[in-house]
Amino acid sequence: MIKEKQKKVIIIYEGERTEENLFKSISRHFFADRADVLLVTLPAAANLYMLWSKLREDNFDTDIVGVLKEMNSDVSKKLKNMEMTDFSEVYLFFDYDGQQNNVPKKWAKNDVLKEMLATFNNETELGKLYISYPMVEALKEISVAERDYKTFYLSLEECGDYKKEVGGVSDYADSRYISKEMWYIACDASRKRASVIVSYKEETDYQHFIENMSQEKIYEVQKERFIQKNRAIGILSAIPLFLIEYYDESFWEKIGALRGRS
């Protein structure tokens with residue numbers, strides 16, 4: 001990875017204040033001396049399904065920044081005088097939507113999330129997609145004392161009320177007070193959770209984790225083992241997994257060292 005300040009990263013997400021504040025927090029703690037991070041939020045009328053659909057209609061020959069400008073006037077203003085070539089990396093964050101209510105009708109019968117993960121699988125090309133289950137608020141499930149998620153799974157019927165239910169007492173309720181060490185703990189908890197979801201055991205080897213706990217694999221397992229068989233979903237926030245994948249093995253070792261002091 002390039003370490004110079006001039007590196008530009010664009011993070012695209014749906015949602016409101018929660019997402020913005022969390023991304024500002026990781027930008028402050030992990031990117032301040034590494035890259036300039038531009039945060040772009042998509043309103044409901046310009047969601048990630050629509051972004052992917054427009055790219056697909058163009059046979060993925062158009063770039064994501066150009067399509068974003070066409071989709072929404074507010075986003076266009078934010079990206080004024082910017083082109084795709086201005087950014088070294090593109091990341092997209094998405095909450096799992098089991099109903100696919102926002103999918104354009106022409107793709108309604110497709111496994112659109114699987115196709116989106118195949119499309120958005122490289123941060124230096126069209127972008128890399130990360131999915132939270134059931135939503136970004138899953139981060140609030142993490143206990144600093146336990147260094148783990150409080151709840152393992154959630155029924156699909158409960159997903160609609162999840163944001164309200166998880167919004168009570170939480171170590172991660174206020175992003176202003178999430179320290180760098182707390183993010184390390186969140187990464188450790190998410191490493192553990194992703195490993196158990198995919199392979200039924202905690203993965204502690206960095207290379208094996210990177211090779212076997214991809215976003216595509218996590219979605220595949222969530223769909224086959226949880227969603228289809230049990231109408232449930234394994235709770236997992238995508239932001240800590242992004243940090244693990246973004247940094248190299250030295251970051252993984254810091255997480256391990258922190259765990260060793262518990």
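Select leucine 129 first. At 1% relative accessibility, Leu129 counts as buried (under 20% relative accessible area; exposed is over 50%, partly exposed in between; 1.4 Å probe, protein chains only). The model is predicted: local features need pLDDT of at least 70, side-chain atom pairs count only at pLDDT 80 or more, and totals for chains, interfaces and linings use all residues. Residues are numbered from 1 along each chain as its sequence is written, and side-chain values use heavy atoms, with hydrogens and water left out.

Leu129 sits in strand β5. Strands (E, at least two residues) and helices (H or I, at least four) are DSSP runs, numbered from the N terminus. Show what surrounds the residue. Leaving aside neighbours within four places in sequence, Leu129 is in contact with Leu48, Leu92, Phe93, Phe94, Met116, Leu117, Phe120 and Gln215; contact means heavy atoms within 4.5 Å. Now draw a distance to aspartate 188, 59 residues along the chain: the C-alpha atoms of Leu129 and Asp188 are separated by 20 Å.

**The sheet**

Colour the strands. Five of them form an open sheet in the order β2-β1-β3-β5-β4, with mixed pairing. Two strands pair if DSSP finds at least two bridges between them. Which strands stand at the edges? They are β2 and β4 (121–122), each with a single partner strand, so one side of each has no neighbour in the sheet. Zoom in on β1 and β2, which pair in the parallel sense over seven bridges. Pick isoleucine 10: its bridge partner in β2 is leucine 38.

Next, show α5. This helix lies across β3, β4 and β5, running at about 140° to β5. Axes here are lines fitted to C-alpha atoms, for helices over the stretch in contact, and angles run from 0 to 180 degrees between N-to-C directions.

**Helix α2**

Select residues 48–57, helix α2, where Leu48, Tyr49, Leu51, Trp52, Ser53 and Leu55 are buried. What do these buried residues pack against? Their partners are β1 (8–14), β2 (36–42), α3 (64–71), β3 (89–95), α5 (112–119) and β5 (127–132). Look at both ends. At the start of α2, a side-chain oxygen of asparagine 47 comes within 3.0 Å of the backbone nitrogen of tyrosine 49. After α2 comes asparagine 59, with a positive phi near 55°.

**The core**

Select the largest nonpolar core, which has 93 residues. A nonpolar core is a set of buried Ala, Val, Leu, Ile, Met, Phe, Trp, Tyr and Cys residues joined through side-chain atoms within 4.5 Å. Helix α7 (residues 180–199) supplies its largest share, 10 residues. Centre on Leu243. Not counting residues up to four places away in sequence, Leu243 touches Ile26, Phe30, Phe31, Trp183, Cys187 and Phe251.

Move to serine 25, in helix α1 (residues 17–31). Buried or exposed? Ser25 is buried, at a relative accessible area of 1%. With residues up to four places away in sequence left out, Ser25 touches Ser175, Ile178 and Trp183.

**The whole chain**

Zoom out. The chain has 11 helices and nine strands. Its C-alpha atoms fill a box of roughly 50 × 45 × 35 Å along the principal axes. Buried residues make up 50% of the 262 residues. Among contacts between residues at least 6 apart in sequence, 77% join residues at least 24 apart.

Definitions and conventions. A polar contact is a pair of N or O atoms within 3.5 Å; within protein, one must be able to donate a hydrogen and the other to accept it, and residues adjacent in sequence count only if both atoms are side-chain atoms.
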